[in-house]
Amino acid sequence: MKTPVRLGAFGLGLAALFGGAYAVAANVVPDSAVDQRLEDTDTEHDMDMETETGMEDHGGHEADPVRGLSIEQDGYVLSEVAAPAATGDEGVLAFGITAPGGEPLKQYTESHEKELHLIVVRADGAEFRHVHPEFDGETWSLPWSWEQPGTYRVFADFVPGDAAEDIDVTLSRTVEVAGDYEPRAENPVTRTASVDGFDVTLTGDLAAGTTTELTVEVTRDGAPVTALEPYLGAWGHLVALREGDLGYLHVHPEGDEPEPGTTSGPEIVFATAAPTEGRYLLYLDFQVDGQVHTAPFVLDTDGTEPAGDATGEEPHGHDADEPSHDDN
């Protein structure tokens with residue numbers, strides 16, 4: 001037999017062989033099994049993607065991305081921050097924000113009753129302040145002085161009014177305040193704080209990659225406080241920062257927005273998800289009798305219970321919009 005003829009016959013034999021095998025497989029393996037295998041493959045692919053990104057989906061509640069680690073996000077840029085250079089100097093803290101086109105951002109969408117929230121905290125987690133500067137059309141500013149020296153992170157948290165859809169933007173810069181200081185050696189885990197006669201207790205755990213509930217309870221002289229007032233459209237606000245880089249986390253108050261003039265308490269519930277394992281610094285703002293108070297906490301994602309600090313004393317909070325007086 002000539003070579004072309006032999007090759008043709010060989011090809012026909014292979015076609016017949018594979019065709020028969022396919023027919024047998026079609027009869028032996030039902031379509032349902034094939035469909036199930038395809039679904040399993042898709043699931044494995046989704047799990048691989050979650051592992052690669054570190055962002056797990058738990059009932060539609062993923063960990064929010066860490067924000068506030070840069071002077072730029074989505075094209076919005078935080079200018080240099082002007083502020084007094086040393087402690088004791090009375091002055092002004094001021095900054096501006098530019099839009100993606102490079103022009104000053106002049107339009108802001110109100111969020112939690114304010115167009116911009118300013119968070120200032122020292123690198124070791126001390127001297128926390130949550131304040132609201134005034135806007136003159138190009139520059140945000142407010143009277144300012146420093147109580148303690150050190151390296152501070154200044155966060156501008158806002159929703160730009162010129163974006164096609166609402167986006168949360170958090171930008172930050174560092175500010176150096178002259179003077180000698182000893183940073184806190186550590187931030188021990190603590191679930192209790194005392195501030196201005198109030199005792200505040202936090203229950204619940206943080207978990208990396210999944211949303212969990214944190215509940216704070218406010219008491220005074222051992223009695224539940226039921227006179228909590230709405231503050232910035234909620235019964236309280238919780239700021240969470242990742243220890244080490246002060247990555248800024250978005251914490252969501254649970255429940256409906258309170259009506260003006262109403263009161264509540266003693267509990268406030270929040271939902272948040274830690275993006276990574278580690279230790280987190282939390283600061284609760286709550287209002288009673290028109291005065292805002294701030295209670296600090298520290299949690300680990302593994303749910304470690306507090307062992308107490310070296311002095312046996314509980315951390316003390318402070319009034320919002322006022323500098324803290326932490327012992328260093």
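Which residue in strand 9 is the bridge partner of glutamate 134? Serine 141 is. Some notes on the rest follow.

1. Ground rules. This is a predicted model, where local features need pLDDT of at least 70 and side-chain atom pairs count only at pLDDT 80 or more, while totals for chains, interfaces and linings use all residues. Residues are numbered from 1 along each chain as its sequence is written, and side-chain values use heavy atoms, with hydrogens and water left out.

2. Strands (DSSP runs of E, at least two residues, numbered from the N terminus) come together here as an open sheet in the order 3-9-8, with antiparallel pairing. Strand 3 (91–95) and strand 8 (134–135) are the edges; each has a single partner strand, so one side of each has no neighbour in the sheet. Strand 8 is joined to strand 9 (residues 140–144) by two bridges. Pairing here means that DSSP finds at least two bridges between two strands.

3. Strand 14 and its partners. Strand 14 (residues 212–220) pairs antiparallel with strand 13 (residues 198–203) over six bridges, and threonine 201 stands opposite glutamate 217 of strand 14. Six bridges also join strand 14 to strand 20, again antiparallel; there, threonine 212 has threonine 272 as its bridge partner.

4. Salt bridges, starting with Arg122. The whole structure has five salt bridges, each defined as a side-chain nitrogen of Lys or Arg within 4 Å of a carboxyl oxygen of Asp or Glu. One of them joins arginine 122 to aspartate 124, with the closest N and O atoms 2.9 Å apart. Arginine 122 counts as buried because its relative accessibility is 0%, and aspartate 124 is buried too, at 10%. (Buried is under 20% relative accessible area, exposed over 50%, partly exposed in between, with a 1.4 Å probe and protein chains only.)

5. Asp205 with Arg191. In this salt bridge the closest N and O atoms are 2.6 Å apart. The pair links distant parts of the chain, 14 residues apart: aspartate 205 is in the loop between strand 13 and strand 14, and arginine 191 in the loop between strand 11 (169–177) and strand 12 (192–195). Aspartate 205 is partly exposed at 38% relative accessibility, whereas arginine 191 is buried at 9%.

6. Arg279 with Asp300. Here the closest N and O atoms of the salt bridge are 2.7 Å apart. Arginine 279 sits in strand 21 (residues 279–288) and aspartate 300 in strand 22 (residues 291–300), so the pair ties together parts 21 residues apart in sequence. Arginine 279 is partly exposed at 23% relative accessibility; aspartate 300 is buried at 11%.

7. The negative patch. Glu110, Glu113, Glu115, Glu257 and Glu259 form a negative surface patch. Patch members have over 30% relative accessible area and no salt bridge, with like charges joined within 9 Å; areas come from the Shrake-Rupley method with a 1.4 Å probe, Asp and Glu count as negative, and the charge of Glu is placed at CD. Glutamate 257 belongs to the loop between strand 19 (252–253) and strand 20 (267–272), and counts as exposed because its relative accessibility is 58%.

Technical notes. Patch = residues over 30% accessible without salt bridge, like charges linked within 9 Å, V, L, I, M, F, W, Y side chains within 5 Å. Helix = DSSP H or I, 4+ residues; strand = E, 2+ residues; numbered from the N terminus.
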